[in-house]
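Hi,

Here's the structure I said I'd pass on.

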Amino acid sequence: MIRIRKCVVDGCKSDVGSKTSRWPHDPRVSDVWLDTLKPYCSGLMGLPRYRLREKVVCLKHFEPKSFTRGRRHYMAVPSLFTAEEISSGKPKYENFHSMHAKWDHDYAKKIPLRCSK
Ligand SMILES: [Zn+2]
């Protein structure tokens with residue numbers, strides 16, 4: 001049986017069973033998700049790291065460019081939270097991209113060959 005999980009974004013009215021993405025296992029990607037999502041997801045407050053992995057975010061919170069042939073990019077970060085952002089497919093804050101573009105860049109340089117954990 002498929003376990004149905006509800007999207008962690010506050011006020012998200014997705015139907016139960018809509019397509020979701022699981023919380024990233026990579027701790028560095030997880031940290032970026034947490035920083036990005038915290039203001040929009042009261043359910044994340046005070047959660048220990050391992051519990052984050054129980055959380056899902058529906059795919060509609062990702063920009064269309066976050067996908068290649070229907071698969072979410074490994075480092076894609078949800079950026080669409082309001083109805084307006086979701087319908088336009090663009091985040092409200094213009095600096096959202098530059099912020100994450102910078103992170104993507106640094107991240108690519110720092111990524112170790114194997115997980116240090
Ligand atoms: Zn959602």
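In helix H1 (residues 27–37), the buried residues are Trp33, Thr36 and Leu37; buried here means 20 or more other C-beta atoms within 10 Å of a residue's own, exposed means 12 or fewer, partly exposed is in between, and the C-beta atoms are placed from the backbone. Looking down the axis of H1, those buried residues fall within an arc of 85°, so they line one face of the helix (the arc is taken over the directions from the helix axis to the C-beta atoms). On the face of H1 turned away from the buried side you'll find the exposed residues Pro27 and Asp35.

Some housekeeping: this is a predicted model, where local features need pLDDT of at least 70 and side-chain atom pairs count only at pLDDT 80 or more, while totals for chains, interfaces and linings use all residues. Residues are numbered from 1 along each chain as its sequence is written.

As for the overall layout, the protein chain has four helices and four strands, in the order β-α-α-β-β-β-α-α along the sequence. Helices (H or I, at least four residues) and strands (E, at least two) are DSSP runs, numbered from the N terminus. Of the 117 residues in the protein chain, 18% count as buried. Among contacts with a separation of 6 or more, 59% are between residues 24 or more positions apart; a contact means C-beta atoms, placed from the backbone, within 7 Å.

Ser21 and Arg72 are 51 residues apart along the chain, yet their C-alpha atoms are separated by 8.2 Å. Ser21 counts as partly exposed because it has 18 C-beta neighbours inside 10 Å.

Arg69 lies in the loop between strand S3 (67–68) and strand S4 (71–72), and is exposed, with 4 other C-beta atoms within 10 Å.

Finally, confidence. The average pLDDT (the predictor's confidence in each residue, from 0 to 100) is 81 for the protein chain, and 76% of the residues score at least 70. Strand S2 (residues 56–58) is highest at 94, and helix H4 (residues 95–110) lowest at a mean of 51. Over residues 107–113 the pLDDT is below 50, and that stretch has two contacts in the model beyond near neighbours in sequence.

Cheers
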